[in-house]
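Welcome to this guided tour. Open the structure in your viewer, keep the selection tool handy, and follow the stops in order.

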Amino acid sequence: MTPGGRRVHLVRRDLIFAAVREAGRISRADLVRRTGMARMTVNSLVADLLAAGVLAEEAAAPTGERAGRPARSLTLGPAAGGVVGAVISADGVRVAEADLTGSILDERHHHIDTSDPVTALDAIASVITGTGRVWSTVAGLSAPISGGIVQSSSVLPGWAGIAPAAELSRRVGHRVIVRNDADLCLLGEVGYGVAAGHQDVCYLRVATGIGCGLLLGGVVHHGATGVAGEIGHVQVDETGALCHCGNRGCLETIASPRQILAALETGYGAPITAEQAVELARTDATAERIMADAGRMIGRVVAALANGINPSLVVLDGPLISSDGPIVSGVVESLHRYAQPEVVESTAVRVSALGGRAALLGAVGAALRATPAARGERAFASASSPAPSSVAAPGRRERLVRREMIVEALRGRGSTARSDLVKITRLPRAAVVDILAELRHDGVVELCAPAEPRAGRPSPHFRLTAGGGRLIGLALAGPGIRAVVADGTGHVEESLTVPFPMSNDSHPILRATAEMARELFERHGPEARIAVSVPSPVHPETGRFGARSVLPMFSGFAPAEEIATAVGRPVLVENNAQLAALAEMRRGAARGSRDVLYLKADQHTGAGIVAGGRMHRGAIGYAGEVGHLNVRDIGPLCICGSRGCLSAFLTPAYFGALLENRPSAGGGSPGSQLAAGIFRTGEDRLLSLASGGDRPARRALLDAGRLIGRIVAPLCDVLNPGVVVVGGRFVEAGAFVVDGVREALMRHCAPSAAAGLKVVPAELGSDAEVLGAIEMLL
């Protein structure tokens, strides 16, 4: 059999396997109808599977509904096998065996010394190999894993540098996947627990350490290097206790169960178990206060994540967590105190109901998705109408990601050789050939002539297909309204700016934007499409600004509807920082990275998040609101109504001491320069001083960068971006803010998150937002 024929045979076998698994009991005639294959092909494949014992056949009981001999039924056979899920922790290994329907057959806890990885892997392998035929094993490990290699961990320090999946697979003789246990807990909660139906989830496991799993847009987020979720090493006290990671005052040194129980033992003079601590907190004020204080500390970090990634659900789990306990109450209290009001209203806090089995159930679910039957189900899914990307099957998601990688590689490059696309994307050549054929069929790409002659055998050249209409991007900003017109491939043909001051009434600028859009539509024809960048969070489903927006002048509006009404066409609207992040990833400083954090460094600080190549908006569009993360409880009053927000420390008023009675580089007194209209704002004056060599102004911008970096370090710990792009007006004066952000992130991030992290200045400047609007239309 040829390699191609062998592949077709395996796919067909997997389809049969999947159909029987899904039905539980099915006749051959129904298999023919279900799979769409010829009867002879089905009979041949069934015969092979029966001979292997993977399927079994038995006579169906007569029902009286049909004449003649009843059809024989196919079911899973004795050799159908199953899967294994395992969780490796400091106190041993928990193992669950399941059949291919997902039913748990056996579940055991093996008290194995896991401090030595070699001994532990041998013991785990002996347990797994004694369970019969196993299609796949998925194991959870209480440590971050990057590139298959275990990183430093407080729970299993001896495992650093080990490649456990490869080691375990060699021992057991079948496929093994090892993942961070927090990610598996998240999968368990989504599949079996309180997170079912949610698309944006933050799962916190407060156990030996403090781990975090993230579900962003329905996809588990791993980060650029696979160490996303390092919440336990978020620094909450710069002068606190030394952590094993090398930083001081990490969350684990203050609020982990180990620290809580140690504090209780000091007070009571005897060892306290987690179960005893939970009971003590119900009646003892000291125990209640210790645990509530730990909850508040965890809650401050949760509030920062709520403002930063805007989940719809936070799940708490661990031996000290109870639904009516002080830790949960402390988390909720801090969430209400430090997160934005609309974020609080849309963020539910729930306690896991899986009794500590979330990781084990998640491991079983992940193992089932790695079986031939699951591959067959994905083949069924791909043959039907494409599912939305947020809920697509894993195989379909992988194909969509590969399509995006190739499309992104073609953006801005024009005619590109297929061989060059293989090098750029690092995808297998066969996959590039296959996906290019699909994109060509869909009208996304087209064959074209090479831009210039090349030696050797010519490789086919491709480019994005130019759409029939123009793309129009508009951006609302402080100086006015910026517009860009591009062709169907995103190539900019025209740009213009209309000065328009931002005020406390958003109606005038929205009306001006609508009028500008109408004029551009009339000029470029009915096939033109439009997207608008706005300086406020936008709900991803309704397109409205929040009723209690962080910018009061935009509260309650539906900008897309207002502009669309004026132009008579649909209009897309998105937050400015999110669009800037998208543009920098595709056209600017973060090209080639799929996990990007964009920081808009100026008096209106914000962030844009690209996770896995896609903009992350959050449950209600508030992802990236870092300007309203708390710096100091008794700090200056912010426009959002809270005190001590980051943005309040970056306003011109906060830099007032530098701006009073100081001439700029252009000469003349400040009064004469303002009268001449040289400076529109205090921000202009600060940047002019720094550009002209004023050392206090430069130092102030460097310090502003350090402050921004320190406050967003928790986001980097949890999101694990590959690139942090620093844009906004503050970078116009030089690299001072960028240097400050870089310095702070290297100082305050967990080492695993800081390793390989690049901090770079934005390349697209003030055009990033409007170019992001163009990119959203592509």
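**Stop 1: helix 2 and helix 3**

Begin by selecting residues 28-35, which form helix 2, and residues 39-51, which form helix 3. In this predicted model, these two helices pack at an angle of about 115°, and their axes are 10 Å apart. The crossing of helix 2 with helix 3 is right-handed.

Now show the side chains where the two helices touch. On helix 2, pick Arg28, Ala29, Leu31, Val32 and Thr35; on helix 3, pick Arg39, Val42, Asn43, Val46 and Leu50. What classes of residue make up this contact of helix 2 with helix 3? There are 6 nonpolar, 2 polar and 2 charged residues.

**Stop 2: the whole chain**

Zoom out until you can see everything. The chain has 778 residues, and buried residues make up 52% of them. Colour by secondary structure and you can look for 27 helices and 28 strands. Among contacts between residues at least 6 apart in sequence, 64% join residues at least 24 apart.

**Stop 3: helix 8 and helix 10**

Next, select residues 257-268 for helix 8 and residues 285-309 for helix 10. Their axes are 10 Å apart, and the packing angle is about 160°. Angles over 145 degrees count as roughly antiparallel, so helix 8 and helix 10 are roughly antiparallel to each other. The crossing of this pair, helix 8 and helix 10, is right-handed.

To see the contact, show Ile260, Ala263, Leu264 and Tyr268 on helix 8, then Ala287, Ile290, Met291 and Ala294 on helix 10. How many nonpolar, polar and charged residues are in the contact of helix 8 with helix 10? The contact has 8 nonpolar residues, with no polar and no charged ones.

**Stop 4: asparagine 310**

Move along to asparagine 310, in the loop between helix 10 and strand 14 (313-317). Most residues other than glycine have a negative phi. Asparagine 310 is not a glycine, yet it has a positive phi of about 55°. Is asparagine 310 buried or exposed? With a relative accessible area of 0%, asparagine 310 is buried.

**Stop 5: leucine 335**

Select residues 326-338 to bring up helix 11, and find leucine 335 within it. Leucine 335 counts as buried, at 1% relative accessibility. Which residues is leucine 335 in contact with, leaving aside its neighbours within four places in sequence? They are Gly299, Val302, Ala303, Ala306, Val344, Thr347 and Val349.

Try the distance tool on leucine 335 and valine 349: from C-alpha to C-alpha they are 9.6 Å apart, and in sequence they are 14 residues apart.

**Stop 6: the cysteines**

A disulfide is a covalent bond between the sulfur atoms of two cysteines. How many disulfides does the structure hold? The structure holds 0 disulfides. Cysteine 212, for instance, is in no disulfide, and its nearest cysteine sulfur, in cysteine 202, is 3.7 Å away. Cysteine 212 counts as buried, with 2% relative accessibility.

Then centre the view on cysteine 245. The closest cysteine sulfur to that of cysteine 245 is in cysteine 250, at 3.6 Å, which is too far for a bond. Cysteine 245 also counts as buried, at 18% relative accessibility.

**Stop 7: glutamate 574**

Select residues 571-575, which make up strand 23, and pick out glutamate 574. At 5% relative accessibility, glutamate 574 counts as buried. Beyond its neighbours within four places in sequence, glutamate 574 is in contact with several residues, including Val532, Val538, Arg617 and Met776.

**Stop 8: valine 631**

Your next selection is valine 631, in the loop between strand 26 (614-615) and helix 21 (656-659). Valine 631 has a relative accessible area of 19% and is buried, because the cut-off for buried is under 20%. Apart from its neighbours within four places in sequence, the contacts of valine 631 include Gly644, Cys645, Phe649 and Ile711. Valine 631 and isoleucine 711 are 80 residues apart in sequence, while their C-alpha atoms are 7.1 Å apart in space.

**Stop 9: asparagine 720**

Finish at asparagine 720, in the loop between helix 24 (695-719) and strand 27 (723-727). What is the phi of asparagine 720? It is positive, about 55°, although asparagine 720 is not a glycine. Asparagine 720 counts as buried, at 1% relative accessibility.

Definitions and conventions: Residues are numbered from 1 along each chain as its sequence is written. This is a predicted model: local features need pLDDT of at least 70, side-chain atom pairs count only at pLDDT 80 or more; totals for chains, interfaces and linings use all residues. Side-chain values use heavy atoms; hydrogens and water are left out. Axes are lines fitted to C-alpha atoms, for helices over the stretch in contact, and angles run from 0 to 180 degrees between N-to-C directions. Helices (H or I, at least four residues) and strands (E, at least two) are DSSP runs, numbered from the N terminus. Angles under 35 degrees count as roughly parallel, over 145 as roughly antiparallel, 65 to 115 as roughly perpendicular and the rest as oblique. A crossing is left-handed if the near helix is turned anticlockwise from the far one by less than a right angle, and right-handed if clockwise. Contact means heavy atoms within 4.5 Å. Ala, Val, Leu, Ile, Met, Phe, Trp, Tyr, Cys and Pro count as nonpolar, Asp, Glu, Lys and Arg as charged, and the others, Gly among them, as polar. A disulfide is a pair of cysteine sulfur atoms within 2.5 Å. Buried means under 20% relative accessible area, exposed over 50%, partly exposed in between (1.4 Å probe, protein chains only).
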